[in-house]
Protein chains: 2
Amino acid sequence: MTELRNTQWVLASRPEGMVAPSNFERREQEVGQPGEGQLLVRNLYLSLDPAMRGWMSDAPSYIPPVQIGEVMRGGCVAEVVSSSAAGFAEGELVFGMFGWQDYAVVDVAGPGPVSKLPEGLAPIDALSALGWTSLTAYFGLEDVGKPEPGETVVVSGAAGATGSVVGQLAKLKGCRVIGIAGGPDKCAWLTDDLGFDGAIDYHAEDVSRRLKELCPDGIHVFWDNVGGEILEAALNRLALHGRVVFCGAISGYNDSTPPPGPRNYINVLVRRARVEGFLVFDYVDQMPQALAALAPLVQSGQLRTREDIREGLTSAPEALVDLFTGAHLGKLMVHISDPSGALA
Amino acid sequence: MTELRNTQWVLASRPEGMVAPSNFERREQEVGQPGEGQLLVRNLYLSLDPAMRGWMSDAPSYIPPVQIGEVMRGGCVAEVVSSSAAGFAEGELVFGMFGWQDYAVVDVAGPGPVSKLPEGLAPIDALSALGWTSLTAYFGLEDVGKPEPGETVVVSGAAGATGSVVGQLAKLKGCRVIGIAGGPDKCAWLTDDLGFDGAIDYHAEDVSRRLKELCPDGIHVFWDNVGGEILEAALNRLALHGRVVFCGAISGYNDSTPPPGPRNYINVLVRRARVEGFLVFDYVDQMPQALAALAPLVQSGQLRTREDIREGLTSAPEALVDLFTGAHLGKLMVHISDPSGALA
């Protein structure tokens, strides 16, 4: 086998405030051979996720930050180029944390799982409908929000990759679902294509007033991806014993000073509510069950996703900025290469 | 029976900012006779509680506010003067929401339970060791905080009537307990008399630095009575999967604008923590079990309380102000009258 050249994006500097393309630096390396229990994979698509902003900072968080000079962390779907691990064969499609690069040598035993793409799914499904964002929606509803049929579920960042799946899964559970998103196109997608019961355009509408209209019985489960003023508006409408699934606070991720906490957090006491943070990576052991539950919904078309695919590994740093400015529509990912002929 | 004169404190105006004695007005009335299912009771002691500030406001809350001109709501221990209710006899000691007055005619069927004082307890125990504050501690630990043996429990407002019981109950569960209180006397009481493992004087010490010293494994359960900066300090030390029992936010109760929310509330997500509000009045059905669990601890001296007793119903409005300025030590109550000879 000839030596393969590997283009990588490494972290060059830690962002202050908004992430910038200059925080990354390109590097070329030769690719090593997989040792025992390892695979050499060629990345097809790279997923871009809000959590990446946190991995770039050295503030204490749930996993260690990416070090300066280290390949940027990222979830990918890839094709196995050569395998020294039992149960994995050349040409199979796999997904896992393979990083911002063309090729990766990975341990199948971890850290972080290497999963095979289920039959009948496309490579992008691995990062979108079955990706971390969908798994986040799945575990956050099953284990934290626990909505009952007939309850009202409100989702912020509803047109995003996680939020749109949260809403669809809640609809499948028999809930009334209201989404909050930025712009009429996103809102129309939620109600017309995904079957949400209502959508609020926070760019153009008074979120508090609209929540009052659309949630006459209050909000039983508020799924928060955003934080800030939208969180405050939702806390004001929280039903008795309401649950806030605290999934993210993207409105504040790029601020150098933390955003103020919700001024009306006393409502958590008054409504005897529960606010709970959770992280999909805590549920790695339960991934197989989750994928088994989600895959048929994708195959049958009951769970629909939308992807915003940027071309070429070189586009990754610019695309990450768009993730935070909202200049994307659906699950944001980068196309790196195509599957080899046999599987294309 | 001759007509009894009843002195009452009624709500005269709603406070703006700090509660003031001028928010109350004295009224004299004649006392009626109990109808079927009712008792006429003579109040012995009136409990003063932080929740009263909320009952004086017309902001939406968990129960309707006291109306202007209505007798101020309050928990009391009382002696039955005459009974038209099965199972209650003249001379028995009972406790319930009998209000800021000498006498009350109450329905034993509610709203709000009328309980009998267990054998071997003193009247003040009904409002202190077995009062709403102790029940709050009991249900908040059992149902919300759920500390495990060996976990670290931190309590704010620790020398208060609720906080001091929280700490003692957590010690009985085998937890390491740290209290936060204002002043060296309160702190000494916690460690020397009640057996807390540590105490932090927030008037004199850097709470964040001391929490770091005293909670090397982080805070597993933070019981918050106070809110504000102490809540922020605790959120910074929260252990993974920590629980915040959101019991009160007394630091902000008398502000006319709400206090800022915790600036570091993102820690709830990062630590995958749970913040849960609760209200003792939701547990009325389980009160008998709770009283059965607490009474032996009081009788055996394993659960100790301290009372700050003000003399005479006339002192109630001034005493309520002291509740919020911290110018009291232990459970604050007002002595109204004594039991009749037979039970004294």
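**View 1. Helix 6 of chain B against the sheet.** Helix 6 (residues 207–214) of chain B lies across strand 8 (152–156), strand 9 (176–181) and strand 10 of chain B. Helix 6 of chain B runs at about 170° to strand 10 of chain B. Helices (H or I, at least four residues) and strands (E, at least two) are DSSP runs, numbered from the N terminus. Axes are lines fitted to C-alpha atoms, for helices over the stretch in contact, and angles run from 0 to 180 degrees between N-to-C directions. The model is predicted: local features need pLDDT of at least 70, side-chain atom pairs count only at pLDDT 80 or more, and totals for chains, interfaces and linings use all residues. Residues are numbered from 1 along each chain as its sequence is written, while chains are lettered from A and ligands numbered from 1 in the order in which they are written.

**View 2. Helix 6 and helix 7 of chain B.** Helix 6 of chain B packs with helix 7 (residues 228–236) of chain B at an angle of about 35°, and their axes are 9 Å apart. This crossing of helix 6 and helix 7 of chain B is right-handed (a crossing is left-handed if the near helix is turned anticlockwise from the far one by less than a right angle, and right-handed if clockwise). Helix 6 of chain B contributes B:Val207, B:Ser208 and B:Leu211 to the contact, and helix 7 of chain B contributes B:Ile230, B:Ala233, B:Ala234 and B:Asn236. Two residues are in contact if their C-beta atoms, placed from the backbone, lie within 7 Å. The contact of helix 6 with helix 7 of chain B has five nonpolar, two polar and no charged residues. Ala, Val, Leu, Ile, Met, Phe, Trp, Tyr, Cys and Pro count as nonpolar, Asp, Glu, Lys and Arg as charged, and the others, Gly among them, as polar.

**View 3. Helix 3 and helix 4 of chain B.** The axes of helix 3 (residues 132–145) and helix 4 (residues 161–172) of chain B come within 8 Å and cross at roughly 45°. That angle makes helix 3 of chain B oblique to helix 4 of chain B (under 35 degrees counts as roughly parallel, over 145 as roughly antiparallel, 65 to 115 as roughly perpendicular and the rest as oblique). Helix 3 of chain B passes helix 4 of chain B in a right-handed crossing. Residues of helix 3 of chain B that meet helix 4 of chain B include B:Thr133, B:Tyr138 and B:Leu141. On the side of helix 4 of chain B, B:Val165, B:Val166 and B:Leu169 are among them. The residues of this contact between helix 3 and helix 4 of chain B divide into eight nonpolar, four polar and no charged.

**View 4. Helix 3 of chain A.** Helix 3 (residues 132–145) of chain A lies across strand 11, strand 12 (238–246) and strand 13 of chain A, at about 140° to strand 12 of chain A. The axes of helix 3 of chain A and helix 9 (residues 287–299) of chain A come within 10 Å and cross at roughly 100°. Helix 3 of chain A is therefore roughly perpendicular to helix 9 of chain A. A:Ser134, A:Leu135, A:Tyr138 and A:Phe139 of helix 3 of chain A make the contact with A:Met287, A:Ala290, A:Ala293 and A:Leu294 of helix 9 of chain A. By class, this contact of helix 3 with helix 9 of chain A has seven nonpolar, one polar and no charged residues.

View 5. Twelve strands form an open sheet with mixed pairing, in the order 10(A)-9(A)-8(A)-11(A)-12(A)-13(A)-13(B)-12(B)-11(B)-8(B)-9(B)-10(B). Two strands pair if DSSP finds at least two bridges between them. The edge strands, strand 10 (198–201) of chain A and strand 10 (198–201) of chain B, each pair on one side only. Strand 13 (residues 274–277) of chain A and strand 13 of chain B pair in the antiparallel sense over three bridges. A:Arg274 has B:Glu276 as its bridge partner in strand 13 of chain B.

**View 6. Where chain B meets chain A.** 25 residues of chain B are in contact with 25 residues of chain A. Strand 13 of chain B gives the most to the side of chain B that touches chain A, with four residues.
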